[in-house]
Amino acid sequence: MALIILNKDIETTRGMLYPRESETREVRALDGIWNFVRSDEANPTQGIRDGWFNDDLSKSMPTIPMPVPASYNDITTEQALRDHVGTVWYDRKFFVPRSWGQHQRVWLRFGSVHYEAFVWINGQSAIKHEMGHLPFETEVTHLLKYGAENRITVMCDNALIQTTVPQGKISEVANDQGVTIIQSYTFDFFNYAGIHRSVHLYTTPKTFIEEVEIKTNLSEDNSVGTVNYSIAVNGTAANEADNTLYARLQLYSREGILVANATSDSKLLGSLKVENVKPWWPYLMHPDPGYLYELEIKLYAAKEQLLDVYRLSVGLRTLSWNNTSFLINGKPVYFRGFGRHEDADVRGKGLDNALMTRDFNLLKWIGANAYRTSHYPYSEESMQFADQHGIMIIDECPSVDTENFNQVLLDKHKSSLEQLVHRDRNHPSVVMWSIANEPRTGQLNADTYFQFVANFTRSLDSTRPITAAIAVPSKDDKAGRHLDIISFNRYNAWYSNTGRLDMVTQRVINEATAWNYKYDKPVIMAEYGADTLEGLHLQPSYVWSEEFQAEVFSQHFKAFDALRRQKWFIGEFVWNFADFKTAQSYTRVGGNKKGVFTRARQPKAAAHLLRQRYFALGREMDKCNLPSDLFTYIADVGSNVQHDSSDL
């Protein structure tokens, strides 16, 4: 019997501009070594009842050092911490300058805590937030001691249930000592937890720029650009009743040249016109990809009183799509890229700038122009990198393996998308929203559920198409009609017809064709691949060997080339960029090994094959230059070369 699901309003977030220093703002990171306590799994609320937040954690329980940002699971050598279910606690001391207490407001911002966070400042409740992988902030002006020492305490709960995003189940199971708490989930990546991204304190003036929304346009010949802006403010300026706030905006080229300026009206809306514009292009689609301008916004009160200054990067581009194509700046796009994970040894899902930089170097080395943030929003720093490098992003919310559709789940699913769109709407690299990965779209209520989710996402942003990576057969699917672009996942020769390389090409062609026939929309293969143990070589190829992964790819390439001639097939995404950790399973040798790179970010044999394909496609479609080392020299066998015995 179907449950009645209502399309309720969702509370919208405010603020959340990335913390940036300016003439009117200061930013301070609270990253470093914090104190850490693991709660008793059987008594997860003990710290709340006993008031651990009222004093140093060390006064209540023995603490250990814990790095922030990082997942806590793999930092120590304790299995109990790696597999812990429930709450953990962090705290640290910090000083606030005396000057911050004068005519300023102070904000506390977390880039991400997984999954649920409770925060106290000096024993006073500051904020509670649910939803891993997304930022949250609150004003703490009234909670701080200026020119003195302060204490921040965080409780993090990693428990996933049927109404969290993503979903999971908690159960009690008998063990040798009595009973243990088990967290189970169907998604295929490890449920890393902790303070995953940076923690910032930052200041703003009393009246400040709280929101900036940017939308860009190009003329038909891409010679003139338009930056449409909308600004929202927070606070009360001196004598505001007698004055009108306005903004002055200046747009600078990458070379620091002023190319446009404007003064807003009192509604803080307007546009800037850019002659001889340099559009934002994806990697390999233009000799100068990822071109960014800098927009400087100055907020004024009457009599030229400067209130606040904020700067952000802007990429000017247009997106459009129809039932056969996706276009950027009027040019059709063929996506070639990856599903990925934020995952690395020791730090788990914790932000690591060195690793992030390496990953983008590898993306460009291999010739990819896109990736999907499977299966959750990635760090804001990685989004900024994608902007700079011209890597297109299919931006995915944390909904994975969604099932048991109900009202509470729908509300949280929509909330996750509201927070995601709010955070990432100004990034030119974000070209598509993915509202779920492998949802159970054949189930009862899936039609209504995803209609609500898709339409809600469109209400937040109508400038980008909506997709979801679907794994059910096309004949069973109830969600695709609500999407703009169809993405499907299938593992031929791996999960189905294991080892049969002769059962790949035609099956991919047939399934992609069936999706297009059913919905008359562009189609992307969002996942395909095979687990591969680095260094395992078997000839003839055999499952798990590096040869087998390369041959599975090759059989898919044949299908993709046949499908490309149909025009409506617009992209291919390998699963996965790099090996990653999963829950313990007899089908996983140390995790999921479908990466073309190892977890240490070194290439397997298939990476070189994929590199040759991706650059060949870039050469064919976008006339890009080929790297000089794309092919290893073998022999000169030209017909004009004469050989005799002296060559021996």
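Biologist: Is Glu342 buried or exposed?
Modeller: Glu342 is buried, because its relative accessible area is 15%. Buried means under 20% relative accessible area, exposed over 50%, and partly exposed in between, using a 1.4 Å probe and protein chains only. Keep in mind that this is a predicted model: local features need pLDDT of at least 70, side-chain atom pairs count only at pLDDT 80 or more, and totals for chains, interfaces and linings use all residues. Residues are numbered from 1 along each chain as its sequence is written, and side-chain values use heavy atoms, with hydrogens and water left out.

Biologist: Where does Glu342 lie?
Modeller: In the loop between β25 (335-339) and α3 (353-366). Helices (H or I, at least four residues) and strands (E, at least two) are DSSP runs, numbered from the N terminus.

Biologist: And which residues does Glu342 touch?
Modeller: Not counting residues up to four places away in sequence, Glu342 touches Arg197, Gly348, Lys349, Tyr376, Pro377, Tyr378 and Ser379. Contact means heavy atoms within 4.5 Å. With Ser379, a polar atom of the Glu342 side chain lies 2.9 Å from the backbone nitrogen.

Biologist: OK, switching to His196. Buried or exposed?
Modeller: His196 is buried, as its relative accessible area is 1%. You'll find His196 in the loop between β13 (194-195) and β14 (199-205).

Biologist: What does the side chain of His196 make a polar contact with?
Modeller: The side chain of Ser71, at 2.7 Å. A polar contact is a pair of N or O atoms within 3.5 Å; within protein, one must be able to donate a hydrogen and the other to accept it, and residues adjacent in sequence count only if both atoms are side-chain atoms. Leaving aside neighbours within four places in sequence, His196 is in contact with several residues, including Pro69, His114, Lys349 and Leu351.

Biologist: How about Ala42, buried or exposed?
Modeller: Ala42 is exposed, with a relative accessible area of 68%. Ala42 has its place in the loop between β2 (32-38) and α1 (46-49). The C-alpha atoms of Ala42 and Val154 are separated by 20 Å, and the two residues are 112 apart along the chain.

Biologist: Val154 is new to me. Which residue is its bridge partner?
Modeller: Val119, with Val154 sitting in β10. Six bridges join β7 (residues 116-121) to β10, and the two run antiparallel. On pairing, two strands pair if DSSP finds at least two bridges between them. Strand β4 (residues 87-96) also pairs with β10 in the antiparallel sense, over 10 bridges, and there Thr87 stands opposite Asp157.

Biologist: Why is β10 called largely enclosed?
Modeller: Because eight of the 10 residues of β10 (residues 148-157) are buried.

Biologist: Last one: how is the chain divided?
Modeller: Into domain 1 (26-205), domain 2 (207-314) and domain 3 (332-622). Those bounds come from an automatic or database domain assignment. The C-alpha centres of domain 1 and domain 2 lie 36 Å apart, and their contact takes four residues from domain 1 and six residues from domain 2.
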